[in-house]
Amino acid sequence: MNPSEWFTEEHAGAGSAFSLKIKRKLHEEQSPFQHHEIYETETFGNLMILDGCTMVSTRDNFLYHEMMSHPALYTHPNPKKVWIIGGGDCGTLREALKHPSVEEAVQIDIDERVTRLAEVYFPELCESNNDPRADLKFIDGIKWIKDAAPNSVDIIIVDSTDPVGPAEGLFNEAFYRGCHACLTDNGILVQQSESPLLHLELLKDMRNAMSAAGFTSLQTLYFPQCIYPSGWWSATMASKSALNGFREQDSANKSFATEYYNVDIHRGALAQPEFVKRAFAI
Ligand code: SAM
């Protein structure tokens, strides 16, 4: 097999790699923030790469986008205002807007090119961008949180790249303190928290920093995501009030279609593996 027919992401430090067979390169550019590549693959549809890392494929993005949004939105008692930090491909925005209680969803991505390219190569993810409740901003999420008024949002979803480059400052106590201040009393922060298998130390550090920032309750949820390192990913929810389950009735009777998320998936995703329990001392 000619190696040039494959896109490969090597996982630094893990001694592993993930490859997809590609049909052709659709686009490449350097924005002020990151290097963009888009490929047409043989079996996963289109593939978005930022700085050499897989972000989104047509075929499997639903796993990530649904698990980044619905568990938090069904945990909050009545989510009306949602901010998405990052998420420029607009898939998380589309999912959040499926909730009828949501009155306003603001997506804050540092790099407008991610959204403009998603509009061309992942139009299905952008189908809610013209919803009157949607607002797309193109600025640094760190600055957005720093400048935001206290008690102004119910859910903050941090759908960012890995904690290097422009996203580095989205994974520390100072940022979480800012999020804590912006959230309303029952407010929930949810952040993509990498692979439990490969990045457990980072996950622990994130959880410790969220607690140190004043969050009362933490829950890490697990889900498959085959295009990301190890194929197993997580999202961590941090809540200002005690987390006592989720709105199971509402989830079971949801009024919109999903591909992965349902009430049983939500329950199952909350189960904690033994090695993780030991690491988190829970
Ligand atoms: N699902 C993806 C993953 O985990 O690989 C994340 C996808 S989404 C495309 C990540 C977005 O985070 C990118 O569009 C990037 O521009 C954005 N981002 C990175 N740092 C940011 C920051 N400081 N403020 C706002 N957006 C940021």
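Me: Which residues are buried in helix α3 (residues 112–121)?
Reply: Happy to start there, keeping in mind that this is a predicted model. A residue counts as buried if 20 or more other C-beta atoms lie within 10 Å of its own. In α3, the residues that are buried are V114, T115, L117, A118 and Y121.

Me: What do the buried residues of α3 pack against?
Reply: Their partners are strands. The buried residues of α3 pack against β2 (16–30), β3 (35–41), β4 (46–50) and β8 (134–137).

Me: How is the protein divided, and how far apart do the C-alpha centres of its domains lie?
Reply: The division is into domain 1 (3–57) and domain 2 (61–280). Between the C-alpha centres of domain 1 and domain 2, the distance is 23 Å.

Me: How many residues of domain 1 are in contact with domain 2, and which elements give two or more residues to that side?
Reply: The contact involves 21 residues of domain 1 and 17 residues of domain 2. On the side of domain 1 that touches domain 2, the residues divide into 10 nonpolar, 9 polar and 2 charged. The elements giving two or more residues to that side are β2, β3, β4 and β5 (53–57).

Me: Which residues have the most contacts inside the largest nonpolar core?
Reply: In soluble globular proteins, nonpolar side chains tend to be buried together. Here the largest nonpolar core has 67 residues. Helix α1 (residues 61–75) gives the largest share of this core, 7 residues, and the core draws at least three residues from each of domain 1 and domain 2. The residues with the most contacts inside the core are I84, I156, I157 and L189.

Me: What is L189 in contact with, leaving aside its neighbours within four places in sequence?
Reply: L189 is one of the residues with the most contacts inside the largest nonpolar core. Beyond those sequence neighbours, L189 is in contact with I156, Y176, C179, L183, F215 and A238.

Me: Which residues are closest to the ligand?
Reply: The ligand is surrounded by 23 residues, which divide into 11 nonpolar, 7 polar and 5 charged. At least two residues of this shell come from each of β6 (81–86) and α4 (141–147). V114, one of the buried residues of α3, is also among the closest to the ligand.

Me: Is N151 buried or exposed?
Reply: N151 lies in the loop between α4 and β9 (153–159). Its phi is positive, about 55 degrees, although N151 is not a glycine. Most residues other than glycine have a negative phi. With 12 other C-beta atoms within 10 Å, N151 is exposed.

Me: And E194, is that residue buried or exposed?
Reply: E194 sits in the loop between β10 (183–192) and α6 (200–212). E194 is not a glycine, yet its phi is positive, about 65 degrees. Because 24 other C-beta atoms lie within 10 Å, E194 is buried.

Me: What does E248 count as, with 13 C-beta neighbours inside 10 Å?
Reply: E248 is part of helix α7 (residues 248–252). The C-alpha atoms of E248 and L183 are separated by 23 Å, with the two residues 65 apart along the chain. Given those 13 C-beta neighbours, E248 counts as partly exposed.

Note on methods
Residues are numbered from 1 along each chain as its sequence is written. This is a predicted model: local features need pLDDT of at least 70, side-chain atom pairs count only at pLDDT 80 or more; totals for chains, interfaces and linings use all residues. Helices (H or I, at least four residues) and strands (E, at least two) are DSSP runs, numbered from the N terminus. Two residues are in contact if their C-beta atoms, placed from the backbone, lie within 7 Å. A nonpolar core is a set of buried Ala, Val, Leu, Ile, Met, Phe, Trp, Tyr and Cys residues joined through C-beta atoms within 7 Å. Domain bounds come from an automatic or database domain assignment. A residue is near a molecule or strand if its C-beta atom, placed from the backbone, lies within 6 Å of it. Ala, Val, Leu, Ile, Met, Phe, Trp, Tyr, Cys and Pro count as nonpolar, Asp, Glu, Lys and Arg as charged, and the others, Gly among them, as polar.
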